[in-house]
Amino acid sequence: MNQKTAAARLEEKCKLHFGCPLNSATNQQAYKAACLVVRDILIEKNMLFQHRNVEAEQKQVYYMSMEFLVGTSLRNNLYNLKLERPFENALSAAGINIHDLYEIEPDAGLGNGGLGRLASCYMDAASSLGYAMTGFSIRYEFGIFKQKIIDGWQMEFPDDWLNMGEVWLQARTDESVEVRFGGHADEYMDEDGYHVVHRDYTTVLAVPYDMFISGYDSDAVNKLVLWSAKSPKSIDMGAFSRGEYAKALEENTRAEVISKVLYPADDHIDGKILRLRQQYFFVSASLQSIIARHVKKYGRLDNLADKAAIHINDTHPALCVPELMRILMDEHNFGWDDAWQITQNTLSYTNHTIMSEALERWNEGMFREQLPRIYQITAEINRRLVQELQTIYPGDVAKIEYMAVIANHEVRMANLCLCACHTVNGVSKLHSDILTNSIFRDYYNLDHKKFQNVTNGIAYRRWLCQSNPELCELLSSLIGNGYLKDARKLESLLEYQDDPSVLASLRDIKLKKKIALRDYISKANGINIDENSIYDIQIKRLHEYKRQLLNALQILHLYRQLKENPHLEIPPRTFLFAAKASSGYFMAKQIIRLIVAISNTINADPAVRDRLKVVFIEDYKVSLAEIIIPAADISEQISIAGKEASGTGNMKLMINGAVTIGTLDGANVEICEAVGRDNMFLFGMTSDEVEALWRQGYSPLSFVRANPALRAVLDMLTSGVLGARFDDIANSLLTNQYGVADAYMTIADFEDYVRAQNLVSETYKDAEKFARMSLINIAKAGIFSADRSVSEYANNIWHI
Ligand code: 26V
């Protein structure tokens with residue numbers, strides 16, 4: 001497609017859909033027309049790709065995830081299809097600026113954070129590598145909430161993304177399936193054997209919507225299938241005729257609420273029935289569609305594992321295990337043993353967190369009531385598991401209970417995955433080691449061959465090439481274009497680490513991106529920041545374990561120092577935060593309030609003007625990250641060691657030339673291996689040291705007593721000098737609230753963090769040295785490409 005054909009297709013869409021020529025279309029109309037043209041191209045490519053795969057009897061990967069944080073699609077698709085230029089020119093000839101259209105597009109925010117964005121990065125990489133991979137999730141009508149900060153408080157507003165985002169979706173009403181909830185499952189035996197009848201259930205209709213995902217410079221276009229819930233009965237006419245209008249629509253509402261909103265928490269589950277229903281809804285619909293497709297092609301199911309790899313992204317889709325068993329046994333007459341074998345050989349599972357509150361467990365009674373047949377199967381899985389464990393560990397009641405799928409009236413989804421999947425993996429070396437050494441140790445001892453590591457990776461063509469074209473232009477001029485398909489080729493950049501003109505160009509580009517972020521912040525927040533200051537950036541979900549609080553305390557310390565010693569010679573610094581807090585997470589919201597208060601206090605203080613600024617940027621999301629990341633000098637990755645499974649923001653920042661200040665946690669360990677200790681600012685306890693300090697008995701107060709500066713900072717939280725008081729935060733650090741004070745050891749790591757921050761300031765004074773560190777980070781970021789991760793999954797787990 002060239003400019004001329006692009007113009008013709010755009011013109012046609014505009015006329016057909018909006019009854020006007022392109023040059024009199026509004027930006028919204030032009031945006032939709034552009035998306036529709038691109039979608040047509042994708043549909044056509046997808047058809048060809050699928051056809052080829054079916055002909056070749058190609059094994060398919062099905063990636064099951066409650067979250068896909070897609071972000072925007074227009075620019076990504078045009079980039080991947082290499083159509084940016086023709087579209088830009090065709091639109092420009094009609095008086096339309098393509099960048100205005102990019103800005104109109106809402107993010108498809110169908111996820112909370114890292115886990116959801118990873119799923120999208122993997123779809124992207126799989127398509128680029130030519131793998132046949134289908135993603136399955138829910139077509140949430142409302143994605144992750146829009147965040148506004150009002151008087152320091154996070155407020156949540158609905159994210160009505162479909163209004164402009166729906167253009168990417170193609171409804172496939174003809175492929176709807178039924179999902180059954182509630183009722184009773186009756187078992188009986190007759191001369192033909194064992195049978196089950198599920199009766200009195202409620203049916204919800206699952207309607208699939210396809211979203212097409214293009215690969216970069218590739219023939220492959222894959223699909224993300226998003227299920228929408230509908231009631232099979234549109235209205236209860238009887239109730240309606242009686243004038244009971246609300247009742248007439250009741251069943252409708254109960255069904256459709258399933259795909260209404262993304263669950264906005266990423267840390268705890270309080271037994272929400274709706275969430276269980278969401279999980280079963282999309283798992284059941286997806287498996288039914290996978291099996292129907294397989295049977296249509298092969299006419300048999302005993303070869304399912306040879307032709308399909310079904311991947312469980314965290315425990316949320318763990319119902320795949322009993323649901324696949326159900327379909328095989330109840331609908332295709334397999335006996336237990338054969339069904340179990342097929343299930344085990346088909347399913348694999350990735351763990352994304354060791355935080356116990358995020359490992360899903362359900363109340364047994366609720367589970368049974370919602371999903372009676374699935375409960376029966378799960379209970380049978382558990383019965384057989386426990387029986388086997390009793391022969392292996394006779395009398396070891398504690399161990400058997402720890403490993404059981406059902407115990408203490410709870411159904412534990414992680415154990416279900418551990419016993420049923422052929423492979424289980426963690427998402428960084430350290431995280432995978434922690435899984436096998438601690439939380440999953442018993443399962444590891446039972447069958448260590450099951451366990452693998454696949455370190456996370458990012459779709460770097462989005463995070464580097466699309467969001468930082470200026471940097472890519474420089475890279476291409478120096479090392480050619482090979483890195484666009486093979487990220488390891490970035491390493492050739494190392495040749496230029498002592499070339500002053502290259503280092504100067506890197507600095508120029510960084511400055512340009514910092515100016516762009518400065519302008520965004522000035523417009524969005526009304527705060528003016530200095531592009532010549534160090535941009536020190538912490539962007540991620542708000543969690544106590546990620547320790548935004550540690551950063552905040554360190555800023556207060558720096559503020560005090562600057563006030564006490566106005567001649568302190570340090571480069572000016574701008575601390576930038578962006579983070580959403582789970583709506584019910586009290587302490588996270590307090591921490592946001594604290595950061596906003598610090599920002600208000602410091603930014604208004606003439607004594608530190610031009611030297612220190614703090615900004616909390618509202619509404620963190622993929623498209624905002626794309627503006628922030630290229631502008632970062634310093635990447636804050638400061639979680640307590642052992643708790644961040646991997647992190648992926650660390651990789652996005654690194655590849656854009658930010659230098660990491662961080663603990664040896666998650667993938668930071670591997671970043672450190674890649675760049676060397678001299679090219680990052682390491683601090684804090686290791687995960688072993690954290691463990692040792694717990695065992696020894698941790699007392700934050702003893703650290704505070706030894707550090708008067710820290711004492712002074714903590715006093716600021718409760719004295720009111722910040723315009724408000726933060727007693728809850730101070731108490732969480734110092735008093736034994738729930739049996740622990742300072743559960744994330746913020747106090748213990750404070751001093752070493754301050755040391756590392758001082759080193760940042762010192763190092764930055766030598767502009768060339770800092771630029772060299774930045775260059776080395778870019779050059780060494782290649783291993784964190786999602787292409788590498790997906791190839792590892794393909795070779796070692798999915799066997800495609
Ligand atoms: C758990 C729950 C529990 C129930 C309520 C809703 C909900 C939603 C999400 C989760 C799991 C969160 C796990 C997660 O996001 N882990 C992150 O995964 C990233 C990709 O592997 C990784 O880089 C981050 O370190 C890890 O925190």
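The structure, a predicted model, holds six cavities of 30 Å³ or more. A cavity here is a set of points, on a 1 Å grid over the protein atoms alone, where a 1.4 Å probe fits but cannot get out; points are joined across faces, edges and corners, and a volume is the space filled by probe spheres set on them. Residues are numbered from 1 along each chain as its sequence is written, and side-chain values use heavy atoms, with hydrogens and water left out. Local features need pLDDT of at least 70 and side-chain atom pairs count only at pLDDT 80 or more, whereas totals for chains, interfaces and linings use all residues.

**First stop: the largest cavity**

Select Gly113, Gly114, Leu115, Asp266 and Arg541. Of the 49 residues lining the largest cavity, these are the closest to its centre; a lining residue has an atom within 4 Å of a point. The volume is about 960 Å³. Next, colour helices H6 (114-129), H26 (622-628) and H27 (649-655), each of which supplies at least two lining residues. H6 gives the largest share, four residues. Helices (H or I, at least four residues) and strands (E, at least two) are DSSP runs numbered from the N terminus. The lining comprises 20 nonpolar, 13 polar and 16 charged residues, where Ala, Val, Leu, Ile, Met, Phe, Trp, Tyr, Cys and Pro count as nonpolar, Asp, Glu, Lys and Arg as charged, and the others, Gly among them, as polar.

**Second stop: isoleucine 144**

Move to the loop between strands S4 (133-138) and S5 (146-150), where isoleucine 144 lies. Is isoleucine 144 buried or exposed? Its relative accessible area is 8%, so isoleucine 144 is buried (under 20%; exposed is over 50%, partly exposed in between; 1.4 Å probe, protein chains only). Beyond four places in sequence, isoleucine 144 touches, among others, Gly109, Asp159, Leu262 and Arg541 (contact: heavy atoms within 4.5 Å). Glycine 215, 71 residues away in sequence, is 26 Å from isoleucine 144, C-alpha to C-alpha.

Strand S2 (68-71), helix H3 (74-80), H6 and S11 each supply at least two lining residues. By class, seven are nonpolar, six polar and three charged.

**Last stop: threonine 203**

Follow strand S11 (residues 202-214) to threonine 203. Threonine 203 is buried, with a relative accessible area of 15%. Apart from neighbours within four places in sequence, its contacts are Glu178, Val179, Arg180 and Pro232.

Conventions:
On a 1 Å grid over the protein atoms alone, a cavity is a set of points where a 1.4 Å probe fits but cannot get out, and a pocket is an open set with protein on both sides within 12 Å along at least five of seven lines; lining residues have an atom within 4 Å of a point.
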